[in-house]
Amino acid sequence: MARKLNTRALAARATRQIIDQGRSLDAVLPSLFEQVDLSAQNRSLLQELVYGVCRWYGELDALAGQLLRSPIRNKDRELHFLLLVGLYQLRHLDTAQHAAVAETVSGCQQLNKAWAKKLINGCLRSYLRQPPELSADAAHLSHPKWIAGALETAWPDYYNDIVQANNQRPPMCLRVNRRQGSRDQYLEQLHKQNFSALADPYSSDGIVLQQAAPVTALPAFAEGAVSVQDTAAQLACDLLAAQPGESVLDACAAPGGKTAHLLERHDDQLALDALDISARRCEQLQATLNRLQLDAHVVNADAADTQSWDQPDGGYDRIMIDAPCSGLGVLRRHPDIRHHRTAADVDNLVAQQQRLLHGLWPLLKPGGRMLYLTCSILPAENNDQIDAFLASHGDAMLTELSHPSALVLSHGVQTLPGVHEMDGFFYSALTKAS
Amino acid sequence: MAILDILVYPDPRLRKVAKPVQSVDDNIRQLVRDMLETMYDAEGIGLAATQVDVHKQVIVMDLSETRDNPLVLINPQIVEQDGEQEYDEGCLSIPEYYAPVKRAESVKITALNPEGEIFDLQADGLLAVCIQHEMDHLKGKVFVDYLSRLKQDRVRKKLLKRQRAPAA
């Protein structure tokens, strides 16, 4: 029999690929699960370790810097990550200390670096004897400087709440497919199967699970009774406010959560064009619709290049632009974003967003509504973006939005993680003069 | 002492059924020493004679971190087993692959030691898993036999590909 599979070593390899080599968490974990079939228990431990180290990297890295007499050489970088995996367990998990240390130390063997056992053991034990003092708050340290700076400038009053929330495990939120049954009926099914679940106070189709579960364990998930979607994303449907019989464009639709919500709400009474620029993501979108037994006209195209795809005569009654964005409002759900996004990316994204707004505005019917949204909390992508758009479009009028759980800004509404009980989303509604 | 070649799945020789050892003599003791050296070299925690193409009922194991606590089972027999556990198993004949397998939580066995003396052993947890895993080898069985057909095909293809183009 081969030696025991060491999940800590696997986690060290995975986090190195994500943080040092820029691979996405959504690519690394599934490919790892494909290479090694893990028991459910090891699988969830591995996931916990990888997510945790990505979230708390800045803090753990600062601790490691103080515990190591000299930095671990670059060619042994996996060991550095193994040490962070060990520190994460000691600092943030309930794992028994001796088990956390022993398993992490024996991870050296699986990485073919048995010589480093003493080093890792020494660092972890010295941490247990006397944890080093950090120079700043741990959650603050766990955000790259440029992100921390941008968030602090944008939200000085809320900064601390935001970074704390970004480093917590988010709740698992569901959206009930109204076509298949009511939220109360689904809650009843969940309770029967001993899920601890509550009706979401901020979304009429939403449910919040007290503890995350694999989707395959949810009643009738495969049949399309329910989807996983954060509360903040569920607001889109109400704020677009489409009416029966209207023509609707969902310009950046994949992977299809909000598209599906529109169709679930309005049955077959919308003429919906769902576009996405990526062919691969269009497949995801189609798969989402198939599972939920919904139908839309899916088009693989760059929405802003309106010459490249067909529109209905006279344009659309409603246009939703779920714009590509930095994702800085969803750091708690995607702990790899903070390691990959750069300040230069934001400039690029702002330009892409502007191109979509400008390109699609002519397709909106007079009197029609355009809903612009991002999962960002940076003003440049949100309030300032709409401010600039209004300045250059005399026929665009701001429609006031309000929601019990959002800040009202001059050009839209904003939810903030840690301030509101949801991801950070921005919504703005523009109406075209008749 | 010598490091022996370990057969790699899906080698048909892994399917041979091992015969009981008639007398525990110097040849067997030499085999045990070679198998231990081979197992330590491959950084395994257990090795059955079948895996080195010797079809006799001999198993070596060492579960200790310090790699200095060998256990040798000759002609092992399970006399009692109880409970159930699932463990992510790996095998020196199926390199770099792990998958969960359900086995008895505890086993009681009898076997001969390298001096030819009979002894009893009560094992649970990983030791019980390892004993059952190695005893399967002696019957011509490997752990992937417990997995779905789909997974078995995937492993077989992966390993055949590796053998055609050995990693540098």
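Analyst: Counting over all chains, this predicted model comes to 5 aromatic pairs. Start with A:Y57 and A:F81: their ring centres sit 6.0 Å apart with the planes at 20°, and since planes under 30 degrees apart count as stacked, that makes this pair stacked. The pair ties together distant parts of the chain, with A:Y57 in helix α3 and A:F81 in helix α4 (residues 77–92), 24 residues apart. Both A:Y57 and A:F81 are buried.

Next up are A:F425 and A:Y427, whose ring centres are 6.2 Å apart and whose planes meet at 25°, so this pair is stacked too. Again, both A:F425 and A:Y427 are buried.

A:Y427 also takes us to the largest nonpolar core, which has 120 residues; A:Y427 is among those with the most contacts inside it, along with A:L46, A:L87 and A:L371. Helix α3 (residues 40–67) of chain A gives the most to this core, 12 residues. Domain 1 (7–140) and domain 3 (231–432) of chain A each supply at least three residues. Apart from this core there's another one, of 27 residues, including A:I319 and A:W361.

Back to A:L46: skipping neighbours within four places in sequence, its contacts include A:L10, A:L29, A:L32 and A:F33. A:F33 has a charge over its ring as well: A:R43 lies over the face, at 4.4 Å from the ring centre.

Conventions: Residues are numbered from 1 along each chain as its sequence is written. Chains are lettered from A and ligands numbered from 1 in the order in which they are written. This is a predicted model: local features need pLDDT of at least 70, side-chain atom pairs count only at pLDDT 80 or more; totals for chains, interfaces and linings use all residues. Side-chain values use heavy atoms; hydrogens and water are left out. A nonpolar core is a set of buried Ala, Val, Leu, Ile, Met, Phe, Trp, Tyr and Cys residues joined through side-chain atoms within 4.5 Å. Buried means under 20% relative accessible area, exposed over 50%, partly exposed in between (1.4 Å probe, protein chains only). Helices (H or I, at least four residues) and strands (E, at least two) are DSSP runs, numbered from the N terminus. Domain bounds come from an automatic or database domain assignment. Contact means heavy atoms within 4.5 Å. Rings of Phe, Tyr and Trp (its six-membered ring) pair if their centres lie within 6.5 Å; planes under 30 degrees apart count as stacked, over 60 as edge-to-face and the rest as tilted. A charge sits over a ring if NZ of Lys or CZ of Arg is within 6 Å of the ring centre and within 35 degrees of the ring normal.
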